[in-house]
Amino acid sequence: MASLVPLLKAEHLTMRFGGVVANDDITFTLEEMELRCLIGPNGAGKSTFFKTLTGQLVPTSGEIAFRGQPIAGKLSHEIARMGIGIKTQVPNVFNGLSVRENIWLAVRRKATPRAQRPAVDAVLEMTRLTDHADRIVATLAHGQRQWVEIGMVLAAEPELILLDEPAAGMTDEETFHTAAIIREINQTRAIIVVEHDMEFIKQIAKKVTVFHQGRVLVEDTVAKVLADQRVRDVYLGKKVAA
Amino acid sequence: MPVRFRFAAQAVAVVLAIIAIALIPGMIELFAVMQLTLFAAMAVLALSLAFIWGFGGILSFGQTAFFGLGGYAYAVAAINFQDSTPAILLAIVVPSLFAALLGYFIFFGRISDVYLGVITLTVTLILFNCLNSTSGDGYRIGKALLGGFNGIPSVPTFNVPFYPAEVLSPEQSWWTTAAALLAVFLLLRLLLALPAGRVIVAVRENEVRASLLGYDPRLVKLLTFILSGGIAGLAGALYVNWGAFVSPTIFSLSLSAEIIIWITVGGLGTLLGPIVGCVLIEYIVAYIGSQQALNSNLVLGAVLIVFVLLLPKGLVPTARDLLMRLVPAPKSKAQLADAQALPSAAPSHLAGAE
(Lines give C-alpha, C1' and ligand atoms only; values in the text may rest on other atoms or scores of the structure.)
Protein backbone atom coordinates (compact mmCIF):
# COMPACT_ATOMS: atom_id res chain seq x y z
CA MET A 1 0.00 0.00 0.00
CA ALA A 2 2.77 2.42 0.84
CA SER A 3 4.33 2.10 -2.60
CA LEU A 4 2.26 4.95 -4.05
CA VAL A 5 2.84 8.44 -2.71
CA PRO A 6 -0.45 10.34 -2.50
CA LEU A 7 -0.67 13.78 -4.15
CA LEU A 8 -1.42 15.47 -0.86
CA LYS A 9 -1.14 14.13 2.64
CA ALA A 10 -1.80 16.12 5.79
CA GLU A 11 -1.09 14.41 9.09
CA HIS A 12 -2.18 15.57 12.54
CA LEU A 13 -2.54 19.11 11.28
CA THR A 14 -3.41 21.58 14.02
CA MET A 15 -3.87 25.33 13.73
CA ARG A 16 -4.44 27.38 16.85
CA PHE A 17 -5.24 31.07 17.11
CA GLY A 18 -4.70 31.78 20.76
CA GLY A 19 -7.39 29.74 22.51
CA VAL A 20 -9.31 28.95 19.32
CA VAL A 21 -8.47 25.67 17.64
CA ALA A 22 -9.40 26.20 13.97
CA ASN A 23 -7.97 22.90 12.79
CA ASP A 24 -7.68 20.09 15.31
CA ASP A 25 -5.52 17.10 14.45
CA ILE A 26 -6.68 16.80 10.84
CA THR A 27 -5.46 13.89 8.77
CA PHE A 28 -6.35 14.13 5.12
CA THR A 29 -5.21 12.29 2.01
CA LEU A 30 -5.84 13.15 -1.63
CA GLU A 31 -4.87 10.90 -4.54
CA GLU A 32 -3.70 12.03 -7.98
CA MET A 33 -6.57 13.20 -10.22
CA GLU A 34 -9.04 13.06 -7.38
CA LEU A 35 -11.97 15.46 -7.07
CA ARG A 36 -12.85 16.07 -3.45
CA CYS A 37 -15.53 18.25 -1.93
CA LEU A 38 -15.05 19.80 1.46
CA ILE A 39 -18.19 20.78 3.31
CA GLY A 40 -19.04 21.89 6.82
CA PRO A 41 -20.76 24.75 8.60
CA ASN A 42 -19.18 28.19 8.90
CA GLY A 43 -16.20 28.13 11.20
CA ALA A 44 -15.58 24.43 10.64
CA GLY A 45 -11.98 25.20 9.59
CA LYS A 46 -12.20 24.69 5.82
CA SER A 47 -10.66 28.00 4.79
CA THR A 48 -8.03 27.73 7.52
CA PHE A 49 -7.14 24.31 6.14
CA PHE A 50 -6.73 25.84 2.66
CA LYS A 51 -4.58 28.61 4.09
CA THR A 52 -2.19 26.19 5.74
CA LEU A 53 -1.98 24.21 2.48
CA THR A 54 -0.98 27.34 0.54
CA GLY A 55 1.45 28.84 3.02
CA GLN A 56 -0.77 31.73 4.05
CA LEU A 57 -0.69 30.29 7.56
CA VAL A 58 1.98 28.23 9.29
CA PRO A 59 0.35 25.30 11.09
CA THR A 60 0.88 25.09 14.85
CA SER A 61 1.80 21.43 14.50
CA GLY A 62 1.52 18.59 12.05
CA GLU A 63 2.90 17.72 8.64
CA ILE A 64 1.76 18.39 5.08
CA ALA A 65 3.35 16.57 2.16
CA PHE A 66 2.78 17.37 -1.50
CA ARG A 67 3.91 14.37 -3.56
CA GLY A 68 6.02 13.34 -0.59
CA GLN A 69 7.67 16.75 -0.19
CA PRO A 70 7.02 18.60 3.07
CA ILE A 71 5.34 21.98 2.51
CA ALA A 72 4.10 23.00 5.96
CA GLY A 73 5.67 26.34 6.85
CA LYS A 74 6.91 27.06 3.33
CA LEU A 75 6.12 30.47 1.84
CA SER A 76 3.12 30.98 -0.45
CA HIS A 77 5.14 31.61 -3.59
CA GLU A 78 7.30 28.52 -3.00
CA ILE A 79 4.23 26.32 -2.65
CA ALA A 80 2.66 27.96 -5.72
CA ARG A 81 5.78 27.15 -7.72
CA MET A 82 5.55 23.50 -6.61
CA GLY A 83 2.14 23.36 -8.30
CA ILE A 84 -0.68 24.25 -5.92
CA GLY A 85 -3.11 26.91 -7.10
CA ILE A 86 -5.93 28.43 -5.08
CA LYS A 87 -9.03 30.52 -5.61
CA THR A 88 -9.58 32.15 -2.26
CA GLN A 89 -12.92 32.71 -0.57
CA VAL A 90 -12.87 36.49 -0.98
CA PRO A 91 -11.82 37.15 -4.59
CA ASN A 92 -8.11 37.93 -4.72
CA VAL A 93 -7.57 39.60 -8.08
CA PHE A 94 -5.51 42.48 -9.45
CA ASN A 95 -8.31 45.04 -9.33
CA GLY A 96 -6.52 47.86 -11.15
CA LEU A 97 -5.40 45.76 -14.12
CA SER A 98 -7.31 44.53 -17.14
CA VAL A 99 -8.79 41.03 -17.27
CA ARG A 100 -6.27 40.05 -19.92
CA GLU A 101 -3.39 41.25 -17.80
CA ASN A 102 -4.65 39.33 -14.78
CA ILE A 103 -4.69 36.10 -16.74
CA TRP A 104 -1.39 36.90 -18.42
CA LEU A 105 0.34 37.33 -15.06
CA ALA A 106 -0.65 33.76 -14.20
CA VAL A 107 0.29 32.37 -17.61
CA ARG A 108 3.71 33.93 -17.93
CA ARG A 109 5.32 32.02 -15.08
CA LYS A 110 5.21 28.84 -17.13
CA ALA A 111 4.57 29.67 -20.79
CA THR A 112 7.25 30.78 -23.23
CA PRO A 113 6.68 34.31 -24.62
CA ARG A 114 5.31 32.93 -27.87
CA ALA A 115 2.88 30.56 -26.15
CA GLN A 116 1.54 33.23 -23.78
CA ARG A 117 -1.01 34.90 -26.03
CA PRO A 118 -2.78 31.73 -27.20
CA ALA A 119 -2.74 30.43 -23.61
CA VAL A 120 -4.36 33.63 -22.33
CA ASP A 121 -6.94 33.53 -25.13
CA ALA A 122 -7.80 29.92 -24.31
CA VAL A 123 -8.40 30.72 -20.64
CA LEU A 124 -10.48 33.80 -21.53
CA GLU A 125 -12.57 31.60 -23.81
CA MET A 126 -13.03 28.91 -21.18
CA THR A 127 -14.10 31.37 -18.51
CA ARG A 128 -16.27 33.29 -21.01
CA LEU A 129 -14.39 36.54 -20.42
CA THR A 130 -13.24 37.13 -24.01
CA ASP A 131 -15.63 40.07 -24.48
CA HIS A 132 -14.42 41.67 -21.26
CA ALA A 133 -10.71 41.08 -21.84
CA ASP A 134 -9.75 44.76 -21.93
CA ARG A 135 -11.91 45.88 -19.03
CA ILE A 136 -10.44 46.80 -15.65
CA VAL A 137 -11.27 44.04 -13.19
CA ALA A 138 -12.55 46.48 -10.56
CA THR A 139 -15.38 47.47 -12.93
CA LEU A 140 -16.67 43.88 -13.31
CA ALA A 141 -19.57 42.30 -11.46
CA HIS A 142 -18.80 40.02 -8.52
CA GLY A 143 -19.52 36.81 -10.45
CA GLN A 144 -17.23 37.89 -13.26
CA ARG A 145 -14.44 38.68 -10.83
CA GLN A 146 -14.83 35.16 -9.48
CA TRP A 147 -14.27 33.98 -13.04
CA VAL A 148 -11.16 36.12 -13.37
CA GLU A 149 -9.70 34.46 -10.31
CA ILE A 150 -10.68 30.97 -11.45
CA GLY A 151 -9.15 31.85 -14.82
CA MET A 152 -5.89 32.86 -13.15
CA VAL A 153 -5.75 29.61 -11.21
CA LEU A 154 -6.35 27.56 -14.37
CA ALA A 155 -3.88 29.65 -16.36
CA ALA A 156 -1.07 28.84 -13.94
CA GLU A 157 -1.62 25.12 -14.68
CA PRO A 158 -1.12 23.82 -11.15
CA GLU A 159 -1.08 20.11 -10.30
CA LEU A 160 -3.54 20.61 -7.47
CA ILE A 161 -6.33 23.17 -7.59
CA LEU A 162 -8.04 24.45 -4.45
CA LEU A 163 -11.35 26.24 -4.97
CA ASP A 164 -12.84 28.02 -1.97
CA GLU A 165 -16.54 28.64 -2.69
CA PRO A 166 -16.16 28.99 -6.48
CA ALA A 167 -19.91 29.37 -7.08
CA ALA A 168 -20.57 32.06 -4.48
CA GLY A 169 -22.40 35.02 -5.98
CA MET A 170 -23.06 33.25 -9.28
CA THR A 171 -26.38 32.75 -11.02
CA ASP A 172 -27.73 29.19 -11.46
CA GLU A 173 -26.57 29.18 -15.04
CA GLU A 174 -23.08 30.36 -14.08
CA THR A 175 -22.94 27.77 -11.30
CA PHE A 176 -23.81 25.08 -13.82
CA HIS A 177 -21.04 26.30 -16.09
CA THR A 178 -18.60 26.26 -13.15
CA ALA A 179 -19.50 22.63 -12.43
CA ALA A 180 -18.88 21.77 -16.08
CA ILE A 181 -15.45 23.43 -15.99
CA ILE A 182 -14.53 21.65 -12.77
CA ARG A 183 -15.40 18.29 -14.28
CA GLU A 184 -13.41 19.17 -17.36
CA ILE A 185 -10.22 20.20 -15.54
CA ASN A 186 -10.56 17.17 -13.30
CA GLN A 187 -9.76 15.08 -16.39
CA THR A 188 -6.14 16.09 -15.92
CA ARG A 189 -5.81 17.53 -12.41
CA ALA A 190 -6.73 16.97 -8.80
CA ILE A 191 -9.16 19.43 -7.26
CA ILE A 192 -10.46 20.20 -3.78
CA VAL A 193 -13.65 22.28 -3.67
CA VAL A 194 -15.11 23.99 -0.63
CA GLU A 195 -18.79 24.73 -1.21
CA HIS A 196 -22.03 25.28 0.65
CA ASP A 197 -24.35 24.77 -2.29
CA MET A 198 -25.47 21.11 -2.06
CA GLU A 199 -26.93 21.09 -5.58
CA PHE A 200 -23.56 22.15 -6.87
CA ILE A 201 -21.82 19.43 -4.86
CA LYS A 202 -24.20 16.80 -6.20
CA GLN A 203 -23.27 17.92 -9.72
CA ILE A 204 -19.55 17.40 -9.26
CA ALA A 205 -18.71 15.34 -6.20
CA LYS A 206 -17.41 11.84 -5.94
CA LYS A 207 -16.00 11.80 -2.45
CA VAL A 208 -16.93 14.29 0.26
CA THR A 209 -15.11 15.23 3.46
CA VAL A 210 -17.15 16.89 6.19
CA PHE A 211 -15.40 19.29 8.58
CA HIS A 212 -16.95 20.09 11.93
CA GLN A 213 -15.40 22.20 14.66
CA GLY A 214 -11.95 21.86 13.17
CA ARG A 215 -12.08 18.09 12.85
CA VAL A 216 -12.90 15.64 10.08
CA LEU A 217 -16.38 14.33 10.91
CA VAL A 218 -17.04 11.96 8.00
CA GLU A 219 -15.37 11.09 4.74
CA ASP A 220 -17.38 9.13 2.21
CA THR A 221 -19.30 9.20 -1.08
CA VAL A 222 -21.86 11.95 -1.65
CA ALA A 223 -24.84 9.64 -1.18
CA LYS A 224 -23.58 8.20 2.10
CA VAL A 225 -22.57 11.60 3.48
CA LEU A 226 -25.97 13.05 2.66
CA ALA A 227 -27.62 10.09 4.38
CA ASP A 228 -25.42 10.36 7.48
CA GLN A 229 -27.41 11.46 10.51
CA ARG A 230 -24.50 13.27 12.19
CA VAL A 231 -23.89 15.31 9.05
CA ARG A 232 -27.56 16.22 8.89
CA ASP A 233 -27.42 17.30 12.49
CA VAL A 234 -24.39 19.57 12.25
CA TYR A 235 -24.82 20.95 8.82
CA LEU A 236 -27.53 19.86 6.47
CA GLY A 237 -30.18 19.92 9.15
CA LYS A 238 -29.60 23.61 9.66
CA LYS A 239 -29.47 24.17 5.95
CA VAL A 240 -32.77 22.41 5.35
CA ALA A 241 -34.40 24.17 8.24
CA ALA A 242 -33.29 27.57 6.96
CA MET B 1 -4.49 50.93 -34.38
CA PRO B 2 -5.01 53.15 -31.30
CA VAL B 3 -1.94 51.53 -29.75
CA ARG B 4 0.15 52.53 -32.73
CA PHE B 5 -1.31 56.02 -32.62
CA ARG B 6 -0.48 56.30 -28.94
CA PHE B 7 3.05 55.18 -29.55
CA ALA B 8 3.46 57.70 -32.38
CA ALA B 9 2.10 60.48 -30.17
CA GLN B 10 4.60 59.59 -27.47
CA ALA B 11 7.49 59.48 -29.93
CA VAL B 12 6.54 62.94 -31.16
CA ALA B 13 6.37 64.20 -27.56
CA VAL B 14 9.85 62.84 -26.85
CA VAL B 15 11.28 64.48 -29.98
CA LEU B 16 9.65 67.79 -29.01
CA ALA B 17 11.10 67.46 -25.51
CA ILE B 18 14.59 66.90 -26.94
CA ILE B 19 14.25 69.96 -29.20
CA ALA B 20 13.03 72.07 -26.28
CA ILE B 21 15.94 70.93 -24.09
CA ALA B 22 18.40 71.78 -26.84
CA LEU B 23 16.98 75.22 -27.60
CA ILE B 24 16.13 76.54 -24.12
CA PRO B 25 19.59 78.04 -23.28
CA GLY B 26 19.43 80.16 -26.42
CA MET B 27 15.99 81.48 -25.59
CA ILE B 28 16.11 82.52 -21.93
CA GLU B 29 18.66 84.21 -19.70
CA LEU B 30 21.31 82.27 -17.82
CA PHE B 31 19.71 82.66 -14.40
CA ALA B 32 16.52 81.04 -15.66
CA VAL B 33 18.50 78.22 -17.27
CA MET B 34 20.19 77.50 -13.96
CA GLN B 35 16.87 77.53 -12.18
CA LEU B 36 15.50 75.05 -14.72
CA THR B 37 18.59 72.89 -14.13
CA LEU B 38 17.69 72.74 -10.44
CA PHE B 39 14.09 71.86 -11.27
CA ALA B 40 15.24 69.08 -13.60
CA ALA B 41 17.48 67.61 -10.88
CA MET B 42 14.59 67.71 -8.42
CA ALA B 43 12.28 66.18 -11.02
CA VAL B 44 14.59 63.14 -11.15
CA LEU B 45 14.08 62.85 -7.38
CA ALA B 46 10.34 63.18 -7.97
CA LEU B 47 10.48 60.31 -10.47
CA SER B 48 12.23 58.07 -7.96
CA LEU B 49 9.30 58.40 -5.53
CA ALA B 50 6.73 58.43 -8.35
CA PHE B 51 8.00 55.01 -9.37
CA ILE B 52 8.19 53.34 -5.96
CA TRP B 53 5.00 54.92 -4.60
CA GLY B 54 2.84 55.13 -7.71
CA PHE B 55 3.79 51.82 -9.27
CA GLY B 56 5.42 49.83 -6.47
CA GLY B 57 2.82 50.86 -3.90
CA ILE B 58 5.53 51.57 -1.33
CA LEU B 59 5.30 54.97 0.36
CA SER B 60 8.90 55.62 1.27
CA PHE B 61 9.68 58.73 3.28
CA GLY B 62 13.34 57.95 2.77
CA GLN B 63 13.93 59.12 -0.76
CA THR B 64 15.88 62.07 0.64
CA ALA B 65 18.14 59.56 2.43
CA PHE B 66 19.17 58.13 -0.93
CA PHE B 67 19.18 61.60 -2.48
CA GLY B 68 21.54 62.84 0.22
CA LEU B 69 23.74 59.75 0.11
CA GLY B 70 24.03 60.21 -3.65
CA GLY B 71 24.94 63.86 -3.13
CA TYR B 72 27.59 63.07 -0.53
CA ALA B 73 28.95 60.11 -2.49
CA TYR B 74 29.30 62.37 -5.52
CA ALA B 75 30.97 65.17 -3.55
CA VAL B 76 33.45 62.91 -1.75
CA ALA B 77 34.34 60.98 -4.90
CA ALA B 78 34.60 64.08 -7.09
CA ILE B 79 37.01 65.71 -4.64
CA ASN B 80 39.13 62.57 -4.36
CA PHE B 81 39.23 61.62 -8.04
CA GLN B 82 39.08 65.19 -9.39
CA ASP B 83 36.90 63.69 -12.14
CA SER B 84 33.12 63.58 -12.08
CA THR B 85 32.86 60.41 -14.20
CA PRO B 86 33.40 57.80 -11.45
CA ALA B 87 31.74 60.14 -8.95
CA ILE B 88 28.41 60.10 -10.80
CA LEU B 89 28.60 56.32 -10.99
CA LEU B 90 29.25 56.09 -7.25
CA ALA B 91 26.37 58.47 -6.58
CA ILE B 92 24.13 55.78 -8.10
CA VAL B 93 25.89 52.71 -6.71
CA VAL B 94 26.28 53.78 -3.05
CA PRO B 95 22.57 54.62 -2.47
CA SER B 96 21.58 51.45 -4.37
CA LEU B 97 23.71 49.32 -2.07
CA PHE B 98 22.35 51.12 0.98
CA ALA B 99 18.81 50.57 -0.33
CA ALA B 100 19.60 46.90 -0.87
CA LEU B 101 20.76 46.49 2.72
CA LEU B 102 17.91 48.50 4.27
CA GLY B 103 15.33 46.98 1.93
CA TYR B 104 16.49 43.45 2.69
CA PHE B 105 15.69 43.85 6.37
CA ILE B 106 12.43 45.69 5.68
CA PHE B 107 10.95 43.38 3.06
CA PHE B 108 12.41 40.04 4.06
CA GLY B 109 11.69 40.87 7.69
CA ARG B 110 8.05 41.30 6.63
CA ILE B 111 7.77 44.74 8.15
CA SER B 112 4.38 46.28 7.41
CA ASP B 113 3.73 49.43 5.39
CA VAL B 114 3.30 51.74 8.35
CA TYR B 115 6.61 50.73 9.87
CA LEU B 116 8.27 51.06 6.49
CA GLY B 117 7.27 54.72 6.56
CA VAL B 118 8.60 55.12 10.10
CA ILE B 119 11.87 53.33 9.36
CA THR B 120 12.63 55.24 6.16
CA LEU B 121 11.85 58.51 7.93
CA THR B 122 14.06 57.58 10.88
CA VAL B 123 16.94 56.50 8.68
CA THR B 124 16.85 59.92 7.01
CA LEU B 125 17.06 61.59 10.43
CA ILE B 126 19.90 59.32 11.51
CA LEU B 127 21.89 60.19 8.40
CA PHE B 128 21.19 63.88 9.00
CA ASN B 129 22.47 63.66 12.57
CA CYS B 130 25.48 61.53 11.67
CA LEU B 131 26.70 63.93 9.00
CA ASN B 132 25.81 66.89 11.18
CA SER B 133 28.31 65.70 13.77
CA THR B 134 31.23 65.29 11.41
CA SER B 135 32.80 68.69 11.97
CA GLY B 136 36.51 68.73 12.64
CA ASP B 137 39.60 67.56 10.83
CA GLY B 138 39.15 63.97 11.98
CA TYR B 139 36.15 63.40 9.74
CA ARG B 140 37.55 63.13 6.27
CA ILE B 141 37.29 60.58 3.51
CA GLY B 142 40.50 60.75 1.52
CA LYS B 143 40.94 64.39 0.56
CA ALA B 144 37.32 65.28 1.29
CA LEU B 145 36.58 67.01 4.60
CA LEU B 146 32.98 66.22 5.61
CA GLY B 147 32.61 69.49 7.48
CA GLY B 148 29.67 68.72 9.78
CA PHE B 149 26.79 71.14 9.55
CA ASN B 150 28.70 73.42 7.20
CA GLY B 151 28.92 70.65 4.65
CA ILE B 152 31.35 70.39 1.75
CA PRO B 153 31.88 73.60 -0.20
CA SER B 154 33.28 74.02 -3.73
CA VAL B 155 32.59 70.49 -4.90
CA PRO B 156 33.97 69.97 -8.45
CA THR B 157 31.07 70.10 -10.89
CA PHE B 158 30.53 67.82 -13.89
CA ASN B 159 33.23 67.55 -16.52
CA VAL B 160 33.29 65.90 -19.93
CA PRO B 161 33.55 62.17 -19.12
CA PHE B 162 37.19 61.23 -18.41
CA TYR B 163 38.44 64.78 -19.20
CA PRO B 164 38.62 66.45 -15.74
CA ALA B 165 39.90 69.72 -17.21
CA GLU B 166 36.87 70.14 -19.48
CA VAL B 167 34.37 71.40 -16.89
CA LEU B 168 30.82 71.82 -18.19
CA SER B 169 29.39 75.29 -18.68
CA PRO B 170 26.00 76.11 -17.10
CA GLU B 171 24.35 75.49 -20.48
CA GLN B 172 26.06 72.12 -20.81
CA SER B 173 25.05 71.31 -17.23
CA TRP B 174 21.45 72.05 -18.20
CA TRP B 175 21.66 69.74 -21.19
CA THR B 176 23.19 66.98 -19.05
CA THR B 177 20.64 67.33 -16.26
CA ALA B 178 17.66 67.56 -18.60
CA ALA B 179 18.96 64.61 -20.63
CA ALA B 180 19.32 62.60 -17.41
CA LEU B 181 15.71 63.45 -16.52
CA LEU B 182 14.48 62.39 -19.94
CA ALA B 183 16.59 59.20 -19.80
CA VAL B 184 15.23 58.21 -16.36
CA PHE B 185 11.69 58.95 -17.53
CA LEU B 186 12.07 56.78 -20.64
CA LEU B 187 13.83 54.03 -18.71
CA LEU B 188 10.96 53.82 -16.21
CA ARG B 189 8.44 54.00 -19.05
CA LEU B 190 10.16 51.09 -20.75
CA LEU B 191 10.47 49.07 -17.54
CA LEU B 192 6.76 49.49 -16.80
CA ALA B 193 5.88 48.19 -20.26
CA LEU B 194 8.07 45.11 -19.83
CA PRO B 195 6.92 41.96 -18.00
CA ALA B 196 9.10 42.88 -15.00
CA GLY B 197 7.27 46.18 -14.68
CA ARG B 198 3.88 44.54 -14.93
CA VAL B 199 4.86 42.22 -12.07
CA ILE B 200 5.83 45.26 -9.94
CA VAL B 201 2.37 46.73 -10.58
CA ALA B 202 0.74 43.35 -9.87
CA VAL B 203 2.42 43.17 -6.45
CA ARG B 204 1.14 46.68 -5.71
CA GLU B 205 -2.37 45.63 -6.73
CA ASN B 206 -2.52 42.45 -4.66
CA GLU B 207 0.44 41.01 -2.84
CA VAL B 208 -1.38 37.89 -1.68
CA ARG B 209 -2.55 37.02 -5.18
CA ALA B 210 0.91 37.64 -6.61
CA SER B 211 2.49 35.24 -4.12
CA LEU B 212 -0.24 32.64 -4.69
CA LEU B 213 0.72 32.74 -8.37
CA GLY B 214 4.34 32.09 -7.49
CA TYR B 215 5.82 35.59 -7.49
CA ASP B 216 7.97 36.48 -4.49
CA PRO B 217 6.63 39.88 -3.39
CA ARG B 218 9.59 40.44 -1.07
CA LEU B 219 12.06 40.20 -3.92
CA VAL B 220 9.94 42.32 -6.27
CA LYS B 221 9.63 45.06 -3.67
CA LEU B 222 13.31 44.92 -2.81
CA LEU B 223 14.32 45.37 -6.45
CA THR B 224 11.84 48.26 -6.79
CA PHE B 225 13.31 49.84 -3.66
CA ILE B 226 16.88 49.48 -4.95
CA LEU B 227 16.11 50.96 -8.36
CA SER B 228 14.28 53.86 -6.82
CA GLY B 229 17.19 54.41 -4.41
CA GLY B 230 19.63 54.50 -7.31
CA ILE B 231 17.52 57.07 -9.17
CA ALA B 232 17.30 59.26 -6.06
CA GLY B 233 21.10 58.98 -5.75
CA LEU B 234 21.55 60.18 -9.32
CA ALA B 235 19.27 63.10 -8.50
CA GLY B 236 21.58 63.88 -5.56
CA ALA B 237 24.60 64.05 -7.85
CA LEU B 238 22.72 66.33 -10.26
CA TYR B 239 21.70 68.55 -7.36
CA VAL B 240 25.24 68.85 -5.99
CA ASN B 241 26.51 69.57 -9.49
CA TRP B 242 24.03 72.44 -9.69
CA GLY B 243 25.09 74.08 -6.43
CA ALA B 244 28.70 72.79 -6.15
CA PHE B 245 27.88 72.34 -2.48
CA VAL B 246 26.41 69.71 -0.17
CA SER B 247 25.42 69.89 3.49
CA PRO B 248 23.36 67.73 5.89
CA THR B 249 20.25 69.81 5.10
CA ILE B 250 20.05 67.66 1.96
CA PHE B 251 18.52 65.04 4.32
CA SER B 252 15.89 67.49 5.55
CA LEU B 253 12.41 66.29 6.41
CA SER B 254 10.83 69.26 4.67
CA LEU B 255 12.25 68.02 1.37
CA SER B 256 10.87 64.51 2.09
CA ALA B 257 7.46 66.06 2.55
CA GLU B 258 7.84 68.27 -0.49
CA ILE B 259 8.38 65.28 -2.81
CA ILE B 260 5.12 63.81 -1.61
CA ILE B 261 3.39 67.13 -2.35
CA TRP B 262 4.87 67.22 -5.87
CA ILE B 263 3.41 63.82 -6.59
CA THR B 264 0.04 64.52 -5.01
CA VAL B 265 -0.26 67.70 -7.07
CA GLY B 266 1.01 66.17 -10.31
CA GLY B 267 -0.78 62.84 -10.05
CA LEU B 268 0.09 59.58 -8.28
CA GLY B 269 0.38 56.58 -10.60
CA THR B 270 1.81 58.57 -13.50
CA LEU B 271 5.38 59.47 -14.40
CA LEU B 272 4.64 62.78 -16.11
CA GLY B 273 2.54 64.15 -13.23
CA PRO B 274 5.31 64.21 -10.61
CA ILE B 275 7.61 66.07 -13.03
CA VAL B 276 4.90 68.66 -13.67
CA GLY B 277 4.13 68.89 -9.95
CA CYS B 278 7.79 69.25 -9.03
CA VAL B 279 8.50 72.05 -11.51
CA LEU B 280 5.28 73.88 -10.63
CA ILE B 281 5.76 73.72 -6.86
CA GLU B 282 9.46 74.53 -7.03
CA TYR B 283 8.66 77.52 -9.22
CA ILE B 284 6.04 78.75 -6.75
CA VAL B 285 8.42 78.27 -3.81
CA ALA B 286 11.20 80.12 -5.62
CA TYR B 287 8.82 82.93 -6.56
CA ILE B 288 7.51 83.30 -3.01
CA GLY B 289 11.06 83.19 -1.69
CA SER B 290 11.88 86.24 -3.77
CA GLN B 291 8.79 88.16 -2.59
CA GLN B 292 8.95 87.81 1.21
CA ALA B 293 5.22 88.59 1.38
CA LEU B 294 4.18 85.04 2.25
CA ASN B 295 5.69 82.07 4.02
CA SER B 296 6.35 79.38 1.43
CA ASN B 297 5.53 76.52 3.84
CA LEU B 298 2.15 78.07 4.47
CA VAL B 299 1.46 78.21 0.75
CA LEU B 300 2.68 74.63 0.24
CA GLY B 301 0.34 73.43 2.96
CA ALA B 302 -2.56 75.31 1.40
CA VAL B 303 -1.77 73.88 -2.04
CA LEU B 304 -1.68 70.35 -0.62
CA ILE B 305 -5.03 70.76 1.13
CA VAL B 306 -6.64 72.25 -1.98
CA PHE B 307 -5.42 69.37 -4.14
CA VAL B 308 -6.38 66.62 -1.72
CA LEU B 309 -9.88 68.09 -1.41
CA LEU B 310 -10.59 69.28 -4.95
CA LEU B 311 -8.25 67.40 -7.29
CA PRO B 312 -7.39 64.20 -5.44
CA LYS B 313 -6.17 62.51 -8.63
CA GLY B 314 -3.70 65.30 -9.36
CA LEU B 315 -3.16 67.52 -12.38
CA VAL B 316 -2.11 65.07 -15.08
CA PRO B 317 -4.81 62.38 -14.56
CA THR B 318 -7.47 65.10 -14.24
CA ALA B 319 -6.30 66.78 -17.45
CA ARG B 320 -6.30 63.42 -19.20
CA ASP B 321 -9.82 62.63 -18.01
CA LEU B 322 -11.00 66.01 -19.31
CA LEU B 323 -9.29 65.39 -22.64
CA MET B 324 -10.93 61.98 -22.92
CA ARG B 325 -14.32 63.54 -22.27
CA LEU B 326 -13.75 66.16 -24.98
CA VAL B 327 -12.58 63.56 -27.49
CA PRO B 328 -14.94 60.62 -26.95
CA ALA B 329 -14.33 58.88 -30.28
CA PRO B 330 -11.44 56.42 -29.68
CA LYS B 331 -12.90 54.62 -26.70
CA SER B 332 -10.55 51.66 -26.65
CA LYS B 333 -7.67 54.11 -26.51
CA ALA B 334 -9.11 55.64 -23.39
CA GLN B 335 -9.39 52.28 -21.70
CA LEU B 336 -5.86 51.42 -22.72
CA ALA B 337 -4.52 54.64 -21.27
CA ASP B 338 -6.32 53.91 -18.03
CA ALA B 339 -4.99 50.39 -17.92
CA GLN B 340 -1.42 51.41 -18.53
CA ALA B 341 -0.90 54.68 -16.85
CA LEU B 342 -2.96 55.03 -13.72
CA PRO B 343 -4.00 51.66 -12.41
CA SER B 344 -3.76 53.02 -8.91
CA ALA B 345 -5.73 56.21 -8.71
CA ALA B 346 -8.72 55.77 -10.97
CA PRO B 347 -9.70 52.12 -10.61
CA SER B 348 -9.25 52.06 -6.86
CA HIS B 349 -11.55 55.03 -6.86
CA LEU B 350 -14.00 52.96 -8.86
CA ALA B 351 -13.58 50.00 -6.57
CA GLY B 352 -14.40 52.22 -3.64
CA ALA B 353 -17.48 53.55 -5.39
CA GLU B 354 -18.91 50.09 -5.92
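I count two residues as in contact if their C-beta atoms, placed from the backbone, lie within 7 Å. I call a residue buried if 20 or more other C-beta atoms lie within 10 Å of its own, exposed if 12 or fewer, and partly exposed in between. Helices (H or I, at least four residues) and strands (E, at least two) are DSSP runs, numbered from the N terminus.

The model is predicted, so local features need pLDDT of at least 70 and side-chain atom pairs count only at pLDDT 80 or more, while totals for chains, interfaces and linings use all residues. Residues are numbered from 1 along each chain as its sequence is written, with chains lettered from A and ligands numbered from 1 in the order in which they are written.

**Helix α10(B).** I looked up which residues are buried in α10(B) and found, among them, B:I259, B:I260, B:W262 and B:I263. The buried residues of this helix pack against α2 (30-55), α3 (63-81), α5 (113-132), α11 (272-291), α12 (296-310) and α13 (315-326) of chain B. Just after α10(B), B:G267 takes a positive phi of about 130°.

**Core.** I take a nonpolar core as a set of buried Ala, Val, Leu, Ile, Met, Phe, Trp, Tyr and Cys residues joined through C-beta atoms within 7 Å. In the largest one, with 168 residues, B:V44, B:A46, B:L47 and B:Y74 touch the most other members, and α2(B) gives the most to this core, with 16 residues. Not counting residues up to four places away in sequence, B:L47 touches B:V184, B:F185, B:L188, B:I231, B:L271, B:P274 and B:I275.

**Whole chain.** I noted 15 helices and four strands in chain B, and 45% of its 354 residues count as buried.
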